[in-house]
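Keep the sequence and the 3D view open while reading.

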Amino acid sequence: MAEVCATLRPDWVAGEGAFGALAEAGYVLGSPVGLILLALVGLALIWPRRWLAVVVALPVLGLAGLLFLSRQAETAAQAMAEGCIGGIGPTVVFLVLLAAAVLVRGFRPRRRAA
């Protein structure tokens with residue numbers, strides 16, 4: 001099993017303890033892809049446009065789906081047993097909620113000044 005963790009997370013040290021769900025969320029959302037998506041979500045929430053909401057929500061939901069499906073692999077199960085990756089549930093829920101917020105904000109009717 002040690003080979004799995006050496007491949008997936010080479011910087012992980014077994015003596016530091018197992019990765020928890022919140023540490024995994026920080027790892028995923030702190031990655032370059034996660035930071036780019038969070039920046040796009042921020043832009044879509046600040047500047048609500050329908051086209052932007054769709055363009056941002058689709059990759060966010062895609063990442064959530066990819067994370068969920070990736071945890072079904074045998075390698076991921078071995079890495080979780082070793083402790084170098086944590087549960088992905090809170091991250092997936094957070095990403096789905098972000099996508100929903102972007103879509104609701106983007107498709108909400110705009111009020112016009114009188």
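G62 counts as partly exposed, because its relative accessibility is 40%. The model is predicted. G62 is found in helix α4, residues 50–70. The C-alpha atoms of G62 and L95 are separated by 9.4 Å. Along the chain, G62 and L95 are 33 residues apart.

L66 also lies in helix α4. L66 has a relative accessible area of 57%, so it is exposed. Its C-alpha sits 9.4 Å from that of V92. In sequence, L66 and V92 are 26 residues apart.

## α4 against α6

How do the axes of α4 and α6 cross? They come within 9 Å and cross at roughly 165 degrees. Angles over 145 degrees count as roughly antiparallel, so α4 is roughly antiparallel to α6. The crossing is left-handed.

From α4, the contact uses R50, A53, V54, V56, A57, V60, L61, L63, A64, L67 and F68. From α6, it uses T91, V92, L95, V96, A99, V102, L103, G106 and F107. By class, the contact of α4 with α6 has 17 nonpolar, two polar and one charged residues.

## α3 against α6

Helix α3 covers residues 32–46, and helix α6 covers residues 89–107. Their axes come within 9 Å and cross at roughly 25 degrees. Angles under 35 degrees count as roughly parallel, so α3 is roughly parallel to α6. This crossing is left-handed.

L38, V41, A44, L45 and I46 make the contact from α3. On α6, the partners are F94, L98, A101, V102 and R105. The contact of α3 with α6 divides into nine nonpolar residues, no polar residues and one charged residue.

## α2 against α6

The axes of α2 and α6 come within 8 Å and cross at roughly 50 degrees. That makes α2 oblique to α6. The α2 residues in contact are A21, E24, A25, V28 and L29. The α6 residues are P90, T91, F94 and L95. This contact of α2 with α6 has seven nonpolar, one polar and one charged residues.

E24 is in helix α2, residues 21–29. Is E24 buried or exposed? With 1% relative accessibility, E24 counts as buried.

Which side chains make polar contacts with that of E24? The side chain of R9 does, at 2.6 Å. The side chain of R71 does too, at 2.6 Å. Not counting residues up to four places away in sequence, E24 touches R9, F19, R71, I85, G86, G87, I88 and T91.

## R71 in its loop

R71 is found in the loop between α4 and α5, where α5 is residues 74–82. R71 has a relative accessible area of 17%. Buried means under 20%, so R71 is buried.

Leaving aside its neighbours within four places in sequence, R71 is in contact with R9, E24, A76, M80, I85, G86 and I88. R9, I85, G86 and I88 are among the residues that E24 touches, and they are also among the contacts of R71.

Technical notes
Residues are numbered from 1 along each chain as its sequence is written. This is a predicted model: local features need pLDDT of at least 70, side-chain atom pairs count only at pLDDT 80 or more; totals for chains, interfaces and linings use all residues. Side-chain values use heavy atoms; hydrogens and water are left out. Axes are lines fitted to C-alpha atoms, for helices over the stretch in contact, and angles run from 0 to 180 degrees between N-to-C directions. Helices (H or I, at least four residues) and strands (E, at least two) are DSSP runs, numbered from the N terminus. Angles under 35 degrees count as roughly parallel, over 145 as roughly antiparallel, 65 to 115 as roughly perpendicular and the rest as oblique. A crossing is left-handed if the near helix is turned anticlockwise from the far one by less than a right angle, and right-handed if clockwise. Contact means heavy atoms within 4.5 Å. Ala, Val, Leu, Ile, Met, Phe, Trp, Tyr, Cys and Pro count as nonpolar, Asp, Glu, Lys and Arg as charged, and the others, Gly among them, as polar. Buried means under 20% relative accessible area, exposed over 50%, partly exposed in between (1.4 Å probe, protein chains only). A polar contact is a pair of N or O atoms within 3.5 Å; within protein, one must be able to donate a hydrogen and the other to accept it, and residues adjacent in sequence count only if both atoms are side-chain atoms.
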